[in-house]
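Thanks for passing this one over.

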Amino acid sequence: MIKVGLVGYGTIGKRVADAVAAQKDMKLAGVTAHTYSFNTEVAKQKGYRIFSIDGDSELKENGIKPDGTIKNLLEEVDIIVDATPKKVGKENLDNYYKPKKVKAIFQGGEKHETAGTSFVAQCNYNEALNRDYVRIVSCNTTGLCRTLDAVNKKYGIDSVHATMIRRGADPWDIYHGPINAIVPVLEMPSHHGPDVRTVLHNVEIFTTALSVPSTLMHIHAVTVDIKKKAKVDDVIEMFKNSTRIRVVRNAEHLRSTAEIMEFARDMGRLRGDMPEICIWKEAVGVISNSYNKLLYMQAVHQESDVVPENVDCIRAMTGFKDGAKSIEMTNKTFGIK
Ligand code: NAD
């Protein structure tokens with residue numbers, strides 16, 4: 001059993017904790033509570049052991065007796081998944097993980113350099129094998145890497161241009177926005193393009209991005225210059241046969257991010273999550289003239305697509321060599337293919 005500790009029990013962390021607890025080859029040693037909230041209450045209800053960060057007075061005031069501090073948790077685990085807000089992961093690396101010589105996984109809010117290796121399981125599982133520190137790339141980068149990797153393997157990529165239409169905030173988040181505006185990211189390229197190259201090292205990619213008043217998923221409009229001629233039906237088949245990608249259709253009335261999220265809830269997915277990247281069948285197109293262009297649109301559930309990646313990364317970093325097998329084991333516990 002791989003003993004896993006979870007530091008940062010928020011949007012991503014609570015999902016990773018549940019995913020770890022569902023694996024037959026892993027044991028969730030405990031989760032941290034930085035502040036007391038409903039998340040702590042749910043962790044307690046689920047029977048997770050709770051470890052404090054900065055003293056435990058707030059927890060005790062609210063009737064939670066911690067099982068120890070983060071330092072005690074570090075002594076019990078083979079690996080930590082750190083899902084704290086951006087930049088805190090780097091501080092935790094310096095203050096806790098390095099001094100205690102504990103392996104750690106970071107999330108997309110941290111810089112690639114913090115870990116030195118960035119990860120999307122179906123693209124570069126082997127790069128994380130036995131590493132001490134690895135970063136799971138952001139939700140947007142994970143979405144781009146999954147589908148571009150499939151395109152690259154089948155057709156070869158000359159270059160990519162993608163525009164990310166990003167949700168303004170997560171559904172629970174009362175602090176961020178916009179509420180009534182469309183906000184372009186005023187840098188060229190947006191950081192997503194260079195970030196994709198930390199995983200798909202040789203793919204030429206240029207990205208632009210904007211934020212919109214929605215909490216339900218991101219959408220990517222992707223244009224790829226491919227090396228070989230492609231047919232729309234073959235591309236759709238390729239996406240259908242790729243892991244962690246779901247082809248959705250107008251005929252199912254899955255025409256929007258709202259309907260995809262409702263579909264995930266109706267399927268009984270935990271928290272109504274959709275960890276697969278959803279590609280619209282009707283929005284796949286090819287242009288074959290003197291050049292070959294592939295166009296598609298995809299939706300990314302920001303709260304959940306990176307969660308299976310964390311599980312596979314735990315296996316890779318603790319020496320499980322068979323990436324395809326790990327993906328299969330993880331997928332089974334999520335009910336995805
Ligand atoms: P979040 O704010 O929902 O959760 C962060 C958790 O960390 C909270 O429970 C908070 O109490 C805790 N925390 C804060 N400071 C801490 C500290 N010093 N020590 C321990 N715990 C602390 O954040 P999130 O959205 O889950 O993001 C976490 C990471 O995942 C970030 O790197 C983010 O960029 C990345 N990420 C987020 C999303 C998303 O859409 N939410 C998607 C992919 C990746």
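1. Ground rules. This is a predicted model, where local features need pLDDT of at least 70, side-chain atom pairs count only at pLDDT 80 or more, and totals for chains, interfaces and linings use all residues. Residues are numbered from 1 along each chain as its sequence is written, and side-chain values use heavy atoms, with hydrogens and water left out.

2. Around the ligand. There are 20 residues around it, and Thr 11, Ile 12, Gly 109, Arg 167 and Asp 170 come nearest (near means that a heavy atom of the residue lies within 4 Å). By type, the shell splits into nine nonpolar, nine polar and two charged residues. Here Ala, Val, Leu, Ile, Met, Phe, Trp, Tyr, Cys and Pro count as nonpolar, Asp, Glu, Lys and Arg as charged, and the others, Gly among them, as polar.

3. On its own the ligand exposes 830 Å², of which the protein buries 81% (areas by the Shrake-Rupley method with a 1.4 Å probe; for residues, only the protein chains shown count as cover).

4. The sheet. Eight strands form an open sheet in the order E4-E3-E2-E1-E5-E6-E8-E7, with parallel pairing. Two strands pair if DSSP finds at least two bridges between them; strands (E, at least two residues) and helices (H or I, at least four) are DSSP runs numbered from the N terminus. E4 (68–69) and E7 (118–119) are at the edges with a single partner strand each, so one side of each has no neighbour in the sheet. E1 (residues 2–7) and E5 (residues 79–82) run parallel and are joined by four bridges; Leu 6 has Val 81 of E5 as its bridge partner.

5. Helix H12. Which residues of H12 are buried? The list runs Val 307, Pro 308, Glu 309, Asn 310, Val 311, Asp 312, Cys 313, Ile 314, Arg 315, Ala 316 and Met 317. Buried means under 20% relative accessible area, exposed over 50%, and partly exposed in between (1.4 Å probe, protein chains only). After H12 comes Gly 319, with a positive phi near 100 degrees.

6. Cys 145 is buried, because its relative accessibility is 0%. For Cys 278, the nearest is the sulfur of Cys 139, 14 Å away.

7. Cis prolines. Gly 177 and Pro 178 are joined by a cis peptide bond with omega about 15 degrees, and Pro 178 lies in the loop between E9 (157–167) and E10 (183–184). Met 188 to Pro 189 is also cis, with omega near -10 degrees; Pro 189 is in the loop between E10 and helix H9 (192–196).

8. Positive phi outside glycine. Lys 87, in the loop between E5 and helix H5 (88–100), has phi near 80 degrees and counts as exposed at 58% relative accessibility. Met 217, between E11 (205–212) and E12 (218–226), has a phi of about 70 degrees but is buried, at 3%.

Terms used: A disulfide is a pair of cysteine sulfur atoms within 2.5 Å.
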